Amino acid sequence: MGHHHHHKIKRRTFLGQASCAAMGLTTLFSTVLNLKAMNAAAALNYPNIMPPDPFDDYKALVCLLLAGGNDSYNMLIPTGTSDYNEYAAVRSNQAIPQNEIIAINPTNTPGKTFGVNPNMPHLASMFDSGRVAFISNVGTLIEPTTKPDVWSGTVDLPLGLFSHSDQVMHWQTSVPHDRVATGWGGKMVDLLNALPNGPATNPNISMNISLSGSNVFQTGLGSVEYAIHPMYGAIGMNGYGDEWLSSQLRTEAVDNIVDAQYQDIFKKTYVKTVKTARDGNIQFQEAMDAATPVSTEFEATYLSDAFKMIANTINIRQELGMKRQVFFVEYGGWDNHDELLQTQGELLGEVDDALNSFNLAMEELGLTDKVTTFSISEFARTLISNGNGTDHAWGGNVFVMGGAVDGQKIYGQYPQLALDSSLEIGNGVLVPTLSADEYFAELAMWYDVPASGLLDIFPNLGNFYSVNSANNPIGFLNI
Amino acid sequence: MKTIFKIFCLFLPLGLMGQAYTDYIGAGHSEGFTITASHSMTNAGAENSVNGKGMDSRYFSASRFLQQATMGASQQLIDDLMESGNDFESWIDDEFNKPISYTQPEMEAIWDEIVDYYVGQGQNAEDLFGPYRLHFEYAYWETLMTNDDHLRHKIANALSQILVVSSNSDLDGWAEALTGYYDMLLDNSFGNYRDLLEEVTLSIQMGYYLSHLNNAKENPEANTSPDENYAREIMQLFTIGLYELNPDGTQVLDGSGNPIPTYDQEDIQEFAKVFTGLGIGVLAYPNEWPYNPFFGLNVWAAKKDEPMIMYEDFHETEEKYLLNGSVLPANQPGMTDIDMALDNLFNHPNVGPFIGKLLIKRLVTSNPSPAYVNRVTNAFNDNGSGVRGDMQAVIKAILLDEEARSGEAMLTPYAGRAKEPLMKISSFARIMPLNVPNGRYWSQGWGFYNNTGQHILQSPTVFNFYLPDFQPIGDIADMDLTAPEFKLHNTSNAISSINQFWSIVNYWGGSIFSTWEEEALQSWVTVDWEAFLPYVNEPEILVNELDKLLTFGQLSDQTRDNIIPILHDTYWTWSDNWQEERIKAAMYYIMISPDFNTMK
């Protein structure tokens with residue numbers, strides 16, 4: 001160390017990047033540990049993270065991952081004559097006929113008209129009633145990036161652009177300059193859990209609830225998801241608690257093993273975790289069994305089952321002692337290199353049904369303003385057709401739904417859909433004009449993550465947005 | 001007393017009966033022991049070991065060693081080792097000299113068989129996707145279940161968790177990238193760490209994974225500088241770690257009691273210059289465009305198991321300032337730069353304690369004493385013949401150390417480790433009597449990975465499945481100890497892991513290994529529960545027998561007392577299927593017990 005002071009300092013030392021994964025995570029980790037170790041009085045001396053919110057209301061975020069890469073320029077489509085003609089030209093045989101597009105009426109796009117995929121009538125009407133907004137051309141970015149920047153290599157680009165595994169990770173971690181195993185949902189919960197007067201928690205059931213098993217998004221440094229099944233709820237040990245003799249015996253054996261006392265710290269730790277999980281499952285299922293389920297009708301699809309289960313889980317929030325929850329559901333099948341129009345259409349139809357029922361269920365529970373649903377997907381798809389489908393691209397469109405959404409608006413800049421446009425870098429791949437960081441940070445702020453903690457969760461956010469700003473990063477939520 | 005004698009007679013391997021051993025724990029090794037066991041039904045309770053009437057301590061000692069030194073003992077391995085009088089060093093020497101069982105030819109044979117089958121069913125060979133990760137997994141399990149080089153695969157597994165590349169990336173699509181990398185680890189498991197470091201650095205798999213493939217020198221016009229990813233990780237994870245270490249693995253502290261960083265951002269930038277100019281070595285499709293590899297060509301075009309080569313035009317030519325005052329002169333050939341930079345890192349005093357401690361954690365215990373680390377560091381620094389980095393010396397130092405071998409460790413609350421998920425399955429599969437109806441051990445790892453969070457070469461990131469210093473909240477963190485493997489034991493996958501065990505031993509067709517292929521290419525390997533029918537009427541004996549195989553005599557009194565009455569109750573008159581259920585339930589209970597899930 002210190003043995004080469006004489007050599008030049010590089011022009012670009014990437015202050016943001018220098019700290020990178022290890023350091024970035026270390027910061028949050030120590031913050032969390034410090035807060036955990038301190039009592040409330042001592043925490044007041046910790047100037048960086050102040051809880052602004054008493055967390056006495058209920059709020060939930062629902063993250064819908066459209067895994068595989070949703071072709072979102074066939075979800076939200078320009079309908080003005082010249083814009084549509086450009087769209088139809090670039091998409092050729094993957095374009096949706098103009099007369100099939102369902103028109104919507106955004107209030108913030110003067111001179112431009114839009115519509116949605118023919119399979120999304122409910123989304124269209126929820127958009128027009130102000131319950132839904134779109135955010136356009138959002139993607140993974142490390143710093144603001146233009147088309148010339150990409151060509152010249154003068155900005156840092158996300159690792160593994162166009163790669164499923166990397167991009168689906170980045171959308172969940174919001175750390176696209178690195179490959180990390182912790183997601184922003186998990187880190188958000190770590191931070192709220194660590195606040196001296198953070199939201200009430202359940203010792204056995206995480207604030208992060210997954211309908212899709214383990215996932216990066218909900219993995220924090222000190223927390224993981226609580227996984228439930230879209231149809232059956234709590235995922236207990238197979239057969240645990242069932243009535244027939246064989247299961248009764250097994251249940252008794254498991255309880256005996258889990259409730260035994262051990263001196264050895266490894267055995268003790270092993271048993272403690274199983275016990276916590278078991279107790280959480282029992283509590284969850286008992287609360288679910290005792291509650292009257294929501295009466296709103298849901299379709300009988302996987303995704304509608306999942307959203308129904310989310311609605312019924314929100315319904316037992318008080319029994320579980322929850323003031324804040326984050327739900328995650330992954331829905332695959334969007335990697336449509338082939339049969340795009342048919343397959344994506346069917347999937348969007350299932351999304352449309354599920355969102356519609358979920359919105360009605362939240363109205364039934366009187367929680368419309370308290371639950372915000374948002375979509376993510378690893379990338380949009382190439383504007384040009386590969387003959388029968390489309391390939392991996394970059395920036396795309398997402399939707400947000402809920403009473404807190406300032407809806408009937410399209411946020412960001414809907415891009416020109418043409419080759420050689422100012423954003424197009426080949427095959428109809430578009431450079432994003434909004435970063436996923438801005439999108440997520442606004443959701444986190446609505447969720448009452450202190451502004452002072454945002455950079456711990458989104459280390460590159462400062463490249464796009466000042467956390468001291470009076471405005472929200474994008475403005476799609478009433479905070 | 002009568003019962004004990006009965007167990008002894010019935011269940012000790014035939015070759016042991018009636019022999020008098022002088023090497024019981026109780027025969028000279030029990031000094032300082034606290035006798036805590038009290039249950040006369042146990043095999044290896046300390047009391048019985050001491051008085052020589054329980055499980056033979058030699059069996060216990062052999063199986064415990066093999067837990068550390070292999071991906072799971074087999075009955076044959078245990079018997080052979082005992083036959084040798086538990087001569088651990090000779091066993092290790094034999095392993096050093098065994099031929100290597102590679103996964104690549106296995107994978108290629110499997111892929112050929114799969115293609116042949118489906119083409120025979122009328123499909124086009126071009127429509128078959130692969131070989132990809134799935135076929136590496138088939139080959140991995142086939143190899144692990146049939147190999148004879150047990151120690152080598154254990155070390156390769158440990159190394160794969162230090163020098164991490166992962167199929168959680170585009171490597172997923174290329175089986176030969178995964179077999180090639182794993183086989184490279186096999187090749188170097190008993191070699192020199194310096195050679196291993198070089199092969200890893202030049203491997204296209206690592207080049208892709210940590211992005212030094214096609215890493216170009218600084219370009220002032222374009223305002224670009226070299227990628228720093230590999231430069232950072234080779235220091236942080238593969239050689240020296242973040243802080244200066246004493247030979248015993250503890251941190252060197254400055255005058256104010258703070259740890260001293262081993263490198264800073266400028267060092268990373270200097271090393272980033274070293275790792276420039278590496279591009280594709282060999283093309284995957286030599287008869288198609290491009291006909292020659294060139295710098296910048298995407299990894300898709302590369303043969304995924306051939307090392308990268310140097311493209312001098314893209315290698316940084318200016319001087320490079322390495323650690324400890326070393327300077328690489330300007331205008332050297334790129335490979336000379338890399339060679340000298342690797343020497344610079346390899347000779348850093350941190351490498352012994354850093355890598356040594358990681359290997360101890362993978363093989364023996366999560367919390368080695370500084371003295372233990374120090375002894376391993378000494379072996380790393382000098383194998384006795386003046387050679388640094390000799391893996392054989394390091395492996396012997398780790399496995400033969402008194403802290404690894406002493407029975408005392410079992411009574412120390414913080415000794416040992418949590419068992420990693422992969423070992424839970426491999427150790428079960430390698431020791432249990434099995435039905436292998438199709439002669440195949442092919443196994444898809446997807447379900448196992450999803451339930452447990454681990455499968456070979458499938459780490460979520462370069463930081464492995466778990467950080468070496470992970471401290472689960474509670475007793476272990478309170479004592480400032482570590483238990484890395486517990487990162488994979490949270491409220492979510494604690495339950496799904498238990499359900500994974502259930503999927504293996506349930507009464508309705510549970511299987512250990514299965515494929516994603518049609519029936520003709522299935523493996524359907526199941527546990528041969530009928531082998532335990534002779535003991536089914538006496539749960540105490542059934543549990544003892546399973547204890548011997550699965551927990552090596554370490555099944556706790558708590559588990560034993562808690563499950564035996566329930567096994568007695570697992571009985572009904574209306575059919576005979578209680579027998580299968582009792583036997584499999586006993587396996588399941590032991591597999592979910594804390595005793596099976598830890599390694600003392």
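**Figure 1. Surroundings of B:Val394 in the predicted model.** Beyond its neighbours within four places in sequence, B:Val394 is in contact with B:Gly356, B:Leu359, B:Val376, B:Ala379 and B:Phe380; two residues are in contact if their C-beta atoms, placed from the backbone, lie within 7 Å. B:Val394 is also among the residues with the most contacts inside the largest nonpolar core, which has 286 residues. A nonpolar core is a set of buried Ala, Val, Leu, Ile, Met, Phe, Trp, Tyr and Cys residues joined through C-beta atoms within 7 Å. A residue is buried if 20 or more other C-beta atoms, placed from the backbone, lie within 10 Å of its own. The model is predicted: local features need pLDDT of at least 70, side-chain atom pairs count only at pLDDT 80 or more, and totals for chains, interfaces and linings use all residues. Residues are numbered from 1 along each chain as its sequence is written, and chains are lettered from A and ligands numbered from 1 in the order in which they are written.

**Figure 2. The side of chain B that touches chain A.** Here 61 residues of chain B are in contact with 54 residues of chain A. Elements of chain B giving two or more residues to this side include helix H22 (493–505), helix H24 (557–569) and helix H25 (578–592). Helices (H or I, at least four residues) and strands (E, at least two) are DSSP runs, numbered from the N terminus. By class, this side of chain B has 25 nonpolar, 28 polar and 8 charged residues. Ala, Val, Leu, Ile, Met, Phe, Trp, Tyr, Cys and Pro count as nonpolar, Asp, Glu, Lys and Arg as charged, and the others, Gly among them, as polar.

**Figure 3. An open sheet of chain A.** Three strands of chain A follow the order S2-S4-S3 with antiparallel pairing; strands pair if DSSP finds at least two bridges between them. Strands S2 (76–78) and S3 (102–104) of chain A are the edges, each pairing on one side only. S2(A) is joined to S4(A), residues 114–116, by 3 bridges, and A:Leu76 stands opposite A:Val116. Helix H4 (residues 121–128) of chain A lies across S3 and S4 of chain A, at about 15° to S3(A). Axes are lines fitted to C-alpha atoms, for helices over the stretch in contact, with angles from 0 to 180 degrees between N-to-C directions.

**Figure 4. Helix H13 of chain A.** In this helix (residues 436–446), 10 of the 11 residues are buried, including A:Tyr439, A:Phe440 and A:Trp446. Just after H13(A), A:Asp448 takes a positive phi of about 75°.

Note on methods: A residue is buried if 20 or more other C-beta atoms lie within 10 Å of its own, exposed if 12 or fewer, and partly exposed in between; C-beta atoms are placed from the backbone.
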